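Hi,

Here is the structure I promised to pass on.

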Amino acid sequence: MADLKDDLAALRIERPPERSGVTRLVVWVLVLIILAGLGRAGWVWATRERPAEVQVARVAARATGTQAAVLNASGYVTARRRATISSKITGKVIEVNVEEGMAVKEGQVLARLDDANPRAALAFAEAQAEAARRNIAENEIRLADARVTLGRRKQLVKERVVAQSEVDQAQADVDSMAARIDASREMVRVAERQVAMQQTDLDNTIIRAPFSGVAVTKDAQPGEMVSPVSAGGGFTRTGICTIVDMNESYINRVVSGQDVTAVLNAYPDWQIPARVITMVPTADRQKATVLVRIAFKELDPRILPDMGVKVTFLAAAAKARTGAANSNEGAGHPTLLVPKAAVRTENGQAVVFVARADNVVERRAVRTASEDGSQLEVVAGLSVGESVVVSPSPALKDGARVLVK
């Protein structure tokens, strides 16, 4: 029996002493504190200020004396306006003052038609108007005489020297003469309108440019007939010339003798120095293209006829720029270039966002000059090698953290 008790005692499991209610409360409080700390840390992490992703570009430099590109050309330039200039009347051309490729101004005389008949018609109308005016003067003299006669007869009637019928006749003469004067005045107005009409016909013999542009075709010669309609057969011209109003914002940048850089499509890394010989608008009725002839400064066997070429027209090296006297360029320092998309205007001031090494942007006011292709010249506010944000977001502010792509 004693052995059995010993065996049962060996099988008994010792249990830890039960914890009191105070101990369990402390444990739960600690658990809640830990969960609250973890939740706050997660909320702070989730709502933290994330840096904006931006793309930056380095501030480049162009050495003093290097020419800026004012126009890159490839393809063709179309005209804003194109018109075939004709006359309002049918007549023979006696003078043509335009040639292909000539620049014309609005109102410039392009051609003249034979004005013998319109000039003679105008002289005849002026003579008729003058005759009508003289007729009025004659009738006014007769009217004055008739009124004097009427007055005398009225006096004689009072003295019973003449009959009343003679007074009535004198009154009729006065009224008739006054009516003739009114009719003559109307005839003068009609004659003056005729003079104006003949003057218009005479003016129509002078053909002027309706707008400023460049003549691309010369369609008539002296001695030919022109008409606003093609009713005169195959020997009648319907136009004097064709002029186009080119896009002045680009065309006026190209002048004879201007330096250019040519790049052949076959050798895209080879820049060939050249210069502009002349600019001639071609007679292409569909495209109204502008033909610019250039001459290579250096000949090379690789240059072959009919090769495709892209041309960059360069500004004059000595061209003065606005504010150059006070800018880096004016002081002999290189001209700074940034992408145009990096500069935005706020309240009339050009600003950029400079990305610092600590990934924080700095809003900085700058002063810009002329454009150089897709870039802008900066004359104040930046230094070579700094990084500027390209196409900054409207929400980007000074001191914001960024993540450079």
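Why does R112 count as partly exposed? Because its relative accessibility is 31%, and partly exposed covers whatever lies between buried (under 20% relative accessible area) and exposed (over 50%), with a 1.4 Å probe and protein chains only.

Before I go on, some housekeeping. This is a predicted model, so local features need pLDDT of at least 70 and side-chain atom pairs count only at pLDDT 80 or more, while totals for chains, interfaces and linings use all residues. Residues are numbered from 1 along each chain as its sequence is written, and side-chain values use heavy atoms, leaving out hydrogens and water.

Confidence

pLDDT is the predictor's confidence in each residue, from 0 to 100. The chain averages 76, and 76% of the residues score at least 70. Watch out for residues 317–332, where pLDDT stays under 50. For that stretch the model has 21 contacts (heavy atoms within 4.5 Å) beyond four places in sequence. Where pLDDT is low, the predicted coordinates should not be read in detail.

Salt bridges

I counted a salt bridge wherever a side-chain nitrogen of Lys or Arg is within 4 Å of a carboxyl oxygen of Asp or Glu. That rule gives 16 salt bridges.

Back to R112: its salt-bridge partner is E95, with the closest N and O atoms 3.7 Å apart. This pair links distant parts of the chain, as E95 is in strand β5 (residues 91–96) and R112 is in strand β7 (residues 109–113), 17 residues apart. Helices (H or I, at least four residues) and strands (E, at least two) are DSSP runs here, numbered from the N terminus. E95 is partly exposed because its relative accessibility is 28%.

E346 and R363 also form a salt bridge, and their closest N and O atoms are 2.6 Å apart. Again distant parts of the chain are linked: E346 belongs to strand β18 (residues 344–346) and R363 to strand β20 (residues 361–365), 17 residues apart. E346 is partly exposed at 23% relative accessibility, and R363 is partly exposed at 37%.

Helix α3

R134 and E130 meet in a salt bridge at 3.6 Å, N to O. They are four residues apart in helix α3 (residues 116–158), so about one helical turn separates them. An α-helix has 3.6 residues a turn, so residues three or four places apart point the same way. R134 is exposed at 58% relative accessibility, whereas E130 is partly exposed at 33%. Both belong to a network of salt bridges that links E130, R133, R134 and E192.

After α3 comes R160, with a positive phi near 60°.

The sheet

β5 and β7 turn up again in an open sheet of five strands, in the order β8-β7-β5-β10-β11, with mixed pairing. Its edge strands, β8 (206–208) and β11 (236–237), each pair on one side only. Two strands pair if DSSP finds at least two bridges between them. β5 and strand β10 (residues 225–226) run antiparallel and are joined by two bridges. K92 has M225 in β10 as its bridge partner.

Cheers
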